Amino acid sequence: MDNLLQLVQSKAEAWINSPVIDDATKTEVKSLLAKKDSKELIDNFYKDLEFGTGGLRGVMGAGSNCMNQYMVGIATQGLANYLNKSFPGKKIKAAIAYDSRNNSAFFAQVTANIFSANGIEVYIFPELRPTPLLSFAIRYLKCDSGIVITASHNPKEYNGYKAYWNDGAQVVPPHDKNIISEVSKITSFEQVKFNPDKSIIHTIGPEVEKAYYEEVKKLIPNKEIIARHHNIPLAYTSIHGAGITMVPECLKQIGFSNIQIVEEQRKPDGNFPTVQSPNPEEKSAMELAIRKGKEVGATMVMATDPDTDRVGIGVQKADGDFILLNGNQAFCLMMYFILKNLKDKRDAYIAKTIVTSELVDVMAAKLGVECYNTLTGFKYIAELMGKLEGVKRFIAAGEESYGYMVGDFVRDKDAVSACAFFAAMAANATDEGKSMYDWLIDMYVEFGYFKETLLNITKKGQQGEQEIKSMMEKFRNNPPAEIIGSQVARLLDYKTLKEKNLLTGETRSLDFPASDVLQFYLEDGSKVSVRPSGTEPKIKFYMAVRAPLKSKDDFAAVTQQLDKKIKGLEEYLLSV
């Protein structure tokens, strides 16, 4: 501990003595050094904020392990160096967007300045915009790269930096590793070109949004049904994020006329004053949307996260109350709607991640559409789309963490178009004299009742990072033979890329990039997946159970049966 403290003190002193660091930051570092409790100093400086395969994400503050203009500067300089090496002699272009988080606009401008100082032509949105529009803009403007400043659904203390390539997708191999290599070569702030060439920084105009809406409109099926039910009440909240700039307009563009906004959360605000966390996966973040939904008799409520790449939905039950659908349920319903309305299934495929409900695989097989599985993260889905372009026809994709994408004009999860599709689904259900909740049960009766839940365990700081590593090592080196009375039949290790049948001893290779993920398949059909979060200080346990559902009348009893299994899995995982 003494050696670590000496190391962080030395790094902090270097920041104070740097001619590049501004006075306000130096004052903040001095105050950390003066504190008797060294924990915050250690957390801020014990390592450099890592430019990972998706970019940067961290708590905002002074220090090498925090999000600030200097760490953004190092990341951008490394990326600029890689772009200049990758496209020699070309006029390189990059697009930039940002969300409502504190310092997002500032970090976006820092990024634009450094790109321009390196001769890269910059196209930046004049105000906050959703992440999916950045993905679309890269392709529309024929850019070579793009950056969005966001920490997605993380708490207000965080911000982040996501890097995209010319296909509109987040960077994947070999570019991710190559960019990381270039970033690691920046060893001092003096190597970062902070002084801009303003002549090559341009503002993105409204034509990009207009083109985006046109693409959404092409994909919406059964437009005559929307015309019949255009006035159904739909409640929406942006949770103080960028969604307010596009979601209501997109809903209007496809024909809906009764969009009820949660006014208390309309204004973009990086402090997210009305919620504990701006994450639509959490019930507390949906409370005002549900209240609004009840007030106006809404068919459905929708809430998007700060950068508008995820959406949570609540659907009305017969008693007028709302049930919040988790990401698996919402995605399964979306696929149920899209696949049943897909007239031409030739060469069509959908995609999902390995931790997303296997109900989607079952539906796709029965409805005659191929379903691909990828590692967690839409960048892997986008990579798959690139490989299959011109060979097969992409329809839609999704993941359990509330991310969905329909059509190939955006290459990242897209809550703007997802809201449009969920609204279209609500209109279609209404046309049948049903609710989306009725559809959910209909789907389970037809294809089987699959139920999933997620257990997050948060471990913050340097100590927490070590604890998460130890937990993964324990599961990997001493895997359980039995969980809740059911034998573990198969173990899939995506780090070693081996699958082992524990009943027969047979092994086979997994055709995926290596990733720190473990999956346990039980004899009773249950599944447990374990992985450290790539963006938050958490270890995640994905639990999935299943059972046949013979009729709607059995729904309550089978739900109780599956809930009991899930509770058993949770108790087991919390005890190991």
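**Exercise 1.** In this predicted model, find which residues Ala418 touches, leaving aside those up to four places away in sequence.

*Solution.* Start by placing the residue: Ala418 belongs to helix α15, which covers residues 415–431. Next, look for heavy atoms within 4.5 Å, the cut-off for a contact. Leaving out residues up to four places away in sequence, this gives Val311, Met334 and Tyr404 as residues touched by Ala418.

**Exercise 2.** Decide whether Ala418 is buried or exposed.

*Solution.* The relative accessible area of Ala418 is 1%. Buried means under 20%, so Ala418 is buried.

**Exercise 3.** Work out where Lys142 and Asn222 sit, and whether each is buried or exposed.

*Solution.* Take Lys142 to begin with. Its place is the loop between α6 (131–140) and β4 (145–149). Lys142 is not a glycine, yet has a positive phi of about 60°. The relative accessibility of Lys142 is 63%, so it counts as exposed, the cut-off being over 50%.

Now turn to Asn222, in the loop between α8 (207–219) and α9 (223–228). Asn222 is not a glycine either, and has a positive phi of about 55°. With 16% relative accessibility, Asn222 counts as buried.

**Exercise 4.** Identify what kind of peptide bond joins Pro173 and Pro174, and locate Pro174.

*Solution.* Read omega for the bond between Pro173 and Pro174: at about 0°, the peptide bond is cis. Then follow the chain: Pro174 lies in the loop between β5 (158–165) and α7 (175–184).

How values were computed:
Residues numbered from 1 in each chain as written. Predicted model: local features only at pLDDT ≥ 70, side-chain atom pairs only at ≥ 80, totals over all residues. Heavy atoms only, no water. Helix = DSSP H or I, 4+ residues; strand = E, 2+ residues; numbered from the N terminus. Buried < 20%, exposed > 50% of the residue type's maximum accessible area, 1.4 Å probe, protein only.
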